[in-house]
Amino acid sequence: MDWNFIIFSLVKIAVVVGVVQGMVAYSVLAERKISAWIQDRVGPNRAAPPFMKYIPVLGPFLTRLGIFQPLADGLKFMFKEDFTPAGVRQIYFWLAPAIAVVPAMLTVAVIPFGSQIGNQHMVIADLNIGILYTFGIVSLGVYGIVLAGYAANSKYPFFGGIRSSAQMISYEISMGMSIIPVLLIVGNLNLSQIINWQSTHGWLVMYAPISFVIFMVASFAETNRTPFDLPEAETELVGGYHTEYSSMKFALFFLAEYSNMVASSAMMVTLFFGGWSLPFFGLDHVAGPGSLGLGIAHILIFVAKLLFFMVLFIWVRWMFPRFRYDQLMDLGWRRFLPLALVNILITAVWLYLRS
Amino acid sequence: MAITVNRKPLSFWEKLYLPAIAGGLKVTIKHAYGSLFQGKVVTMEYPEQRWTLPKNYRGAPYLVKDQDGSTKCVSCQLCEFVCPPKAIRITPPGQDGQAADRANAEKMPKEFEINMLRCIYCGMCQEVCPEEAIFLQNDWSHIAHNREEMIYNKEKLLALGGTHGGIQKWKHKLEEAEAQESFPVKV
Amino acid sequence: MPALPDILFYVFAALTLLCGVLVVANPLSRSPVTSAMFLVLTIISMSGLFVLLHAFFLGIVQIIVYAGAVMVLFLFVIMLLDLKEEARRKFKFFGIGAGLISFAAIVFIMLKSLKSAAPDANNPVGDGDTASLGKLLFTQYTLPFEVVSVLLLVAMVGVILLCKKKLE
């Protein structure tokens, strides 16, 4: 057994999971702050540890920025009463939040978040079917929501679960179809290889813009974010599938939603925006064993791109009203699916003519 | 008769959603810019900033004292009776309880409690009080660590209520009576 | 000490069998949703077996198609129809007979095909590579592949025909 491999893998897993969790916590803060700014409000600006007010300028500034709010939120979630309503289906009620979170965390395993530091490739598992792996795992995420809806044994969560299952399947198809042109162009399912291809040929969003648009909209639908947040539609379904949940179980659903956001932002960056590469300043080639700085720069570039898409996710939420359910289905099946098929055809013909 | 409203058919660009998306982006970013850099926020940061209350604002009911510093309430229990949410509870002094601390009054309450958690600031107690001993005042924020603290007793209500030197009904009555030649009661 | 893949094979095989049995004969629950969830577990452990055979593509497609799409639709239908817990039924002689015959047929076909193919897990043929699988599907096995797609199309048309209330 290769101990080196095991130790480095464990370190990478710990770091990536930690970073994703931190991102989730702070994207909740970002969500609240950005929504506040868009709606002419201030947002969370109070929570702070007691010693903060003694630090001259920085303390009040950080407090007003709400930096400590996620800590307070986390603490609150831990200490809230974990209430199990009477008449729920116990096993599924307890299982559903876990089933929702685990796939969301697993998705990031195949995403290359940097090129190389020393001899280590900055990816947890460099699978040669990376894209398919993400699709497979993401498609399991729906069970958490469906089971939550079923387990709660009440009307609104049930509607949420039903809506979610139909929505996820519909948009998974458009999503899968939308990336086929990418695979045709690159000719590889390995995400690292796709980034390497982009670092020499340029970003794939220029080769397959329609794919990108479909993928982005479909990933909004897959993560249940606002224009398509019908499974949890507050105004009609109270809270949708998580209506009956409280405390840490509720927090786990939030964790799943935001981890999914991180994962799909990472997928968008990897598939269409060159992953860790930038086309200028010589940042586009894999860092060798000697160039530690370049390796770190690549990770920072990746995180910056990721954050851009996270902000986009949040921004869109505070911009659009929710789609109606028939509009959602119409968009998925009658607009995006044919468009994606035509896109595949065009790309195939273009590749054939070029070769 | 049902009226059919003809919907305007959407133009090509409207069907594409894209101009609408651009419009949405513009509006939201304008507001974000305004609240970030120009200070155009509507939030009132509460504990530091407070509302300026209108003159006739009616907040929590408190007991008041007269200009001599004596309790106005005579424990008639009309307010307790009329209070819609049953927030007021008065303990009368009883047969040989403490006498009123002012002239012209037979008694004053042994205990007077208002549960501020129940009070709805309706003002019925003020309307009904024959002695003008209870008034809705400007307080609207009550803070306590537990429910017991939210039940205000007589001392607290009197302290918060302050002095009300308005119409002094019984003083004028007394003056009027004394001015008469045949005054029925020895003072 | 046996190698890790061997241990994993037995773990996944046991899981597959156990969950498969629990789909149809769960002593604790007769709820259709529980059965469906155990079917999902069966599928996932089967994809684990595929991965152990270095057939990554098949393993993942198993999850995407069956666990991710088909079973979600199953759950959707079960929840929509609001199926009550199934009552225990008496076994019918005819049912047992038909089951045994189809089981024997499946075993026969599997044994026959396995004998002629004789796969060796330690020496995989194509390493489960997506590209080589695609090439095989579109050259050597084009006809069966297309026939299967036509079969699916027929099934779809049939369902639509059955669902339509009246034909014009």
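In the predicted model, the contact between chains A and B draws on 10 residues of chain A and 12 residues of chain B. Sorted by class, the side of chain A that touches chain B consists of seven nonpolar, one polar and two charged residues. Two pairs of chains touch, and the pair with the most contacts is that of chains A and C. Chains B and C, by contrast, do not touch, and their nearest C-alpha atoms lie 29 Å apart.

The contact between chains A and C involves 20 residues from chain A and 17 residues from chain C. On the chain A side, helices α5 (130-152) and α6 (155-178) of chain A each contribute at least two residues. The greatest contribution to this side comes from α5(A), which provides nine residues. The composition of the side of chain A that touches chain C is 14 nonpolar, five polar and one charged residues.

The largest nonpolar core comprises 120 residues, and the members that touch the most others are A100(A), L132(A), L147(A), V262(A) and I60(C). The largest share of this core, amounting to 16 residues, is supplied by α5(A). When neighbours within four places in sequence are set aside, the contacts of L147(A) are with Y92(A), L95(A), A96(A) and I99(A). In soluble globular proteins, nonpolar side chains tend to be buried together.

Elsewhere in chain A, helix α3 spans residues 69-79 and contains G74(A). This glycine counts as partly exposed because 15 C-beta neighbours fall inside 10 Å, a number between the limit of 12 or fewer for exposed residues and that of 20 or more for buried residues. G74(A) and M248(A) are 174 residues apart along the chain, while their C-alpha atoms are separated by 8.8 Å.

Chain B contains an open sheet of three strands in the order β2-β3-β5, with antiparallel pairing. Its edge strands are β2 (88-91) and β5 (151-152) of chain B, each of which pairs on one side only. Strands of a sheet pair through backbone hydrogen bonds, in either the parallel or the antiparallel sense. Strand β3(B), residues 111-115, is joined to β5(B) by two bridges in the antiparallel sense. Within this part of the sheet, I114(B) has Y152(B) of β5(B) as its bridge partner. Helix α5 of chain B, residues 154-161, packs on the sheet and touches both β3 and β5 of chain B. The direction of this helix makes an angle of about 75° with that of β3(B).

The secondary structure of chain C amounts to six helices and zero strands, so that its elements, read from the N terminus, run α-α-α-α-α-α. Chain C has 168 residues, of which 16% count as buried. Among the contacts in chain C between residues at least 6 apart in sequence, 60% connect residues at least 24 apart.

Note on methods
Residues numbered from 1 in each chain as written. Chains lettered and ligands numbered in written order. Predicted model: local features only at pLDDT ≥ 70, side-chain atom pairs only at ≥ 80, totals over all residues. Contact = placed C-beta atoms within 7 Å. Helix = DSSP H or I, 4+ residues; strand = E, 2+ residues; numbered from the N terminus. Nonpolar A, V, L, I, M, F, W, Y, C, P; charged D, E, K, R; others polar. Pairing = 2+ DSSP bridges. Axes fitted to C-alpha atoms, helices over the stretch in contact; angles between N-to-C directions. Core = buried A, V, L, I, M, F, W, Y, C linked by C-beta atoms within 7 Å.
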